[in-house]
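I opened this structure for a first look. These are my notes, in the order I looked things up.

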Amino acid sequence: MIPDTARMMEWIETVTSRGIRRPGYPADDWTAAWAAERFTEFGLHDVRLAPVELPVWRPVTAALVVRLDADPSRAVRVAASALPYTTPKATVSAPVSREVVPGAIVVPEYTFTELPQSYLRDLATAVHDPEGVFDELVQTLPFQLDYLDVIQGVMDGGGAAFAGALTGVPWETRDYYVPYDAVRRDLPAVWLSGRDSRRVLALVDEGPCTGTLTVESETGPAVSHNVIGTLPGRSDQWVIIGSHHDAPWASAVEDASGIALVLAAAQYWAGVPERDRPHNLIFLLTAGHMAHAAGTRAFIEENRGLLGDVVLQLHLEHAARRCVVVDDELVPTGDPEPGWWFTTGKPELESLVAAALVAEDLRRSFVLPPDVFSPMPPTDGAFFHPEGVPLVHFLSAPMYLFDSADTLDKVHEASLEPLTRAAIRIVEGTAGWRRA
């Protein structure tokens, strides 16, 4: 009864074909309306678009020119990519430094975190690793652990501007959408590609240099929408099945794949008789994940009276292929990126999730506490956790997650149907549960 892989990939391709889906962008607004049409088509009840106020950010231009003070004819000119929600318009001329120096354009080198899966296995409550790869597999995460505070040290140290050198990113890119919390930071800030960074730093290493950083972007208020639909069940309790519909780029994995997983669940449960649905169901595609989960926070505020009757909040994000890098290019493999299943620490829920992973052979999966990395899970639905709502949040974190390289070939197609079936198993397994 679930949609097949071809159908889900068709949905993903439809969404990505509209272009960049940042909060407040036309492609994201179109996607929300399109998803609401699918909910209605499937037969969901009370389908609606709930408005969410959030800030929109659009980059215009960014560039850096660096000249050797001893010989100004020696210069490096590079294009750059502005950091979201930093100073919207500025031209800064100042000394260039690798280290944080007051009044300087600071060019710190940035690398991604390498996470041995054997370390994560020790933190998990359950794993499904029938291949036995976790002993040796090391995952490249798409960030450093302080990624939301990446420019804070330069701000605190009085730097005039930040020009992050992506020399430690495994492939060649400057399209890095971090930080993504929509916090306004009063500092001109850009990312430089690894190749361009090395050119800049090589000149800086020759002697004192002066740089001119130019950046321009547009910011302002916008209104996006949560997409909501419901189905009645045989219980007076609720299950919420969600993901988000916005993205840093056109982004197939982040999170067109999550949209497809929620649509697949909605179509399946719409075809099940009411008496066979274990609880009332809410299907939720939120706005503004790239704006500090604005849609999730808005939904919680608007539905606080419901939260005490929610037996499970199930979030589905990122059916991703693992990639390797060959000659500075990302090459998709046939393997899934390791999957994280953040699960509230209730033994019956943890056992239910672990059993679903085995039943659907979702290899390279971890069942993890929601607070294993930080007080909340690193998911769009994170804000349900401090509300005490029992949750199961599926997420993978491929190294290209915040990059324009997140294209259709990065979706792990073979996981789409098993992930949908596992989500169904988990919801079915809550039959008879009550929050009390």
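This is a predicted model: local features need pLDDT of at least 70, side-chain atom pairs count only at pLDDT 80 or more; totals for chains, interfaces and linings use all residues.

**Entry 1: the whole chain**

I looked up the secondary structure. The protein chain has 10 helices and 20 strands. Next I took the extents. The C-alpha trace spans about 80 × 45 × 40 Å along its principal axes.

**Entry 2**

I checked burial. Of the 436 residues, 58% are buried. I found 34 positive and 59 negative side chains, with the centres of the two sets 3 Å apart. Last came the contacts. Among those between residues at least 6 apart in sequence, 82% join residues at least 24 apart.

**Entry 2: helix α7**

I picked helix α7, residues 294-302. Which of its residues are buried? They are Ala294, Gly295, Thr296, Ala298, Phe299 and Ile300.

**Entry 3: Thr31**

I found Thr31 in helix α2, residues 26-42. Is Thr31 buried or exposed? Its relative accessibility is 0%, so Thr31 counts as buried. I followed its side chain, which reaches the backbone oxygen of Ala27 at 2.8 Å. Setting aside neighbours within four places in sequence, I listed the contacts of Thr31 as Val15, Arg21, His245 and Ile259.

I looked for cis peptide bonds. One runs from Val178 to Pro179, with omega near 0 degrees. Pro179 sits in the loop between β10 (161-168) and β11 (189-192). Another cis bond joins Glu254 and Asp255, where omega is about -5 degrees. I placed Asp255 in helix α6, residues 252-270.

Then I checked phi. His292 is not a glycine, yet its phi is positive, about 60 degrees. His292 lies in the loop between β14 and α7. With a relative accessible area of 39%, His292 is partly exposed. Asp361 also has a positive phi, near 50 degrees, and is a residue other than glycine. I found Asp361 in the loop between α9 (347-359) and β19 (365-368). At 46% relative accessibility, Asp361 counts as partly exposed.

**Entry 4: Asp335**

I ended on Asp335, which lies in strand β17, residues 329-336. Asp335 has a relative accessible area of 22%, so I noted Asp335 as partly exposed; buried would need under 20%. What does Asp335 touch, not counting residues up to four places away in sequence? I listed Glu131, Ala320, Arg321, Arg322, Arg363, Arg364 and His412. With Arg363 there is a polar contact between the two side chains, at 3.4 Å. I also took one distance across the model. Asp335 and Gln237 are 98 residues apart in sequence, and their C-alpha atoms are 37 Å apart in space.

Key
Residues are numbered from 1 along each chain as its sequence is written. Side-chain values use heavy atoms; hydrogens and water are left out. Helices (H or I, at least four residues) and strands (E, at least two) are DSSP runs, numbered from the N terminus. Buried means under 20% relative accessible area, exposed over 50%, partly exposed in between (1.4 Å probe, protein chains only). Contact means heavy atoms within 4.5 Å. Lys and Arg count as positive and Asp and Glu as negative; His and the chain ends are not counted. The place of a charge is taken as NZ of Lys, CZ of Arg, CG of Asp or CD of Glu. A polar contact is a pair of N or O atoms within 3.5 Å; within protein, one must be able to donate a hydrogen and the other to accept it, and residues adjacent in sequence count only if both atoms are side-chain atoms.
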